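Hi,

Here's the structure I promised to pass on.

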Amino acid sequence: MKASNPDEVYNLAAQSFVPTSWKQPVLTSEYTAIGVTRMLEAVHLLGADRIKFYQASSSEMFGKVWSTAEGIHAVYPRVLYGVAKVYGHWITVNYRESYDMYACSGILFNHESERRGREFVTRKVTDGVARIKLGLAKELSPGQLDSKRDWGFAGDYVRAMWLMLQQPKPDDYVVATARRTRSSGWSNWRSVPPG
């Protein structure tokens with residue numbers, strides 16, 4: 001970071017595949033939680049007065065509670081990835097408040113693009129359909145079908161991340177399409193529809 005001397009830092013690093021987080025919990029914590037502290041500390045030591053920091057938080061922080069729309073302070077992550085994201089989110093808030101840093105968190109709901117890995121449901125479906133079409137498979141097995149998600153286009157979410165760092169003051173934002181979300185629990189938070 002010292003060599004590049006950035007004006008803005010975007011921390012998107014995470015081990016986000018849920019099954020892997022259960023197989024490698026320490027690695028998931030290192031990247032997704034402690035890695036945030038390392039990035040914030042580097043920004044703090046290098047130029048907290050001029051470098052803007054973005055942290056990619058996640059809707060996975062809410063887990064079980066999100067369905068009851070109890071709000072941002074009611075987190076109940078159900079996967080290790082979500083637990084690590086809670087840490088990353090709140091350490092960002094603490095650095096912002098303790099060191100008067102320009103540090104934002106974007107609480108992102110699912111965002112997809114053609115670059116998504118095959119272990120995720122959208123690529124499982126498209127890959128499965130292609131395999132059936134080519135005669136390489138006979139059925140499609142996407143996994144758990146009772147999940148409900150708010151999905152948006154990753155490119156729109158990246159624009160929303162950039163826009164967060166262009167605001168006069170740092171804040172935390174929810175980025176979602178609002179097609180699956182309830183707004184009642186978010187009265188204290190600005191929601192940024194992507195696009």
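This is a predicted model: local features need pLDDT of at least 70, side-chain atom pairs count only at pLDDT 80 or more; totals for chains, interfaces and linings use all residues.

Numbering starts from 1 along each chain as its sequence is written, and side-chain values use heavy atoms, with hydrogens and water left out.

First, the helices (DSSP runs of H or I, at least four residues; strands are E, at least two). Helix 2 (residues 25-47) packs against helix 3 (residues 80-99) at about 15°, with the axes 9 Å apart; axes are lines fitted to C-alpha atoms over the stretch in contact, and angles run from 0 to 180 degrees between N-to-C directions. The two are therefore roughly parallel.

Next, the aromatic pairs (ring centres of Phe, Tyr or Trp, its six-membered ring, within 6.5 Å; planes under 30 degrees apart are stacked, over 60 edge-to-face, the rest tilted). The whole structure has 2 of them. Tyrosine 10 and tyrosine 54 make a tilted pair, 5.9 Å centre to centre with 40° between the planes. Tyrosine 10 sits in strand 1 (residues 8-11) and tyrosine 54 in strand 2 (residues 52-58), so the pair ties together parts 44 residues apart in sequence.

The other pair, tyrosine 95 and tyrosine 99, is tilted too, because the centres are 5.2 Å apart and the planes at 55°. Both residues lie in helix 3, 4 residues apart, about one turn of the helix.

Cheers

Technical notes:
Angles under 35 degrees count as roughly parallel, over 145 as roughly antiparallel, 65 to 115 as roughly perpendicular and the rest as oblique.
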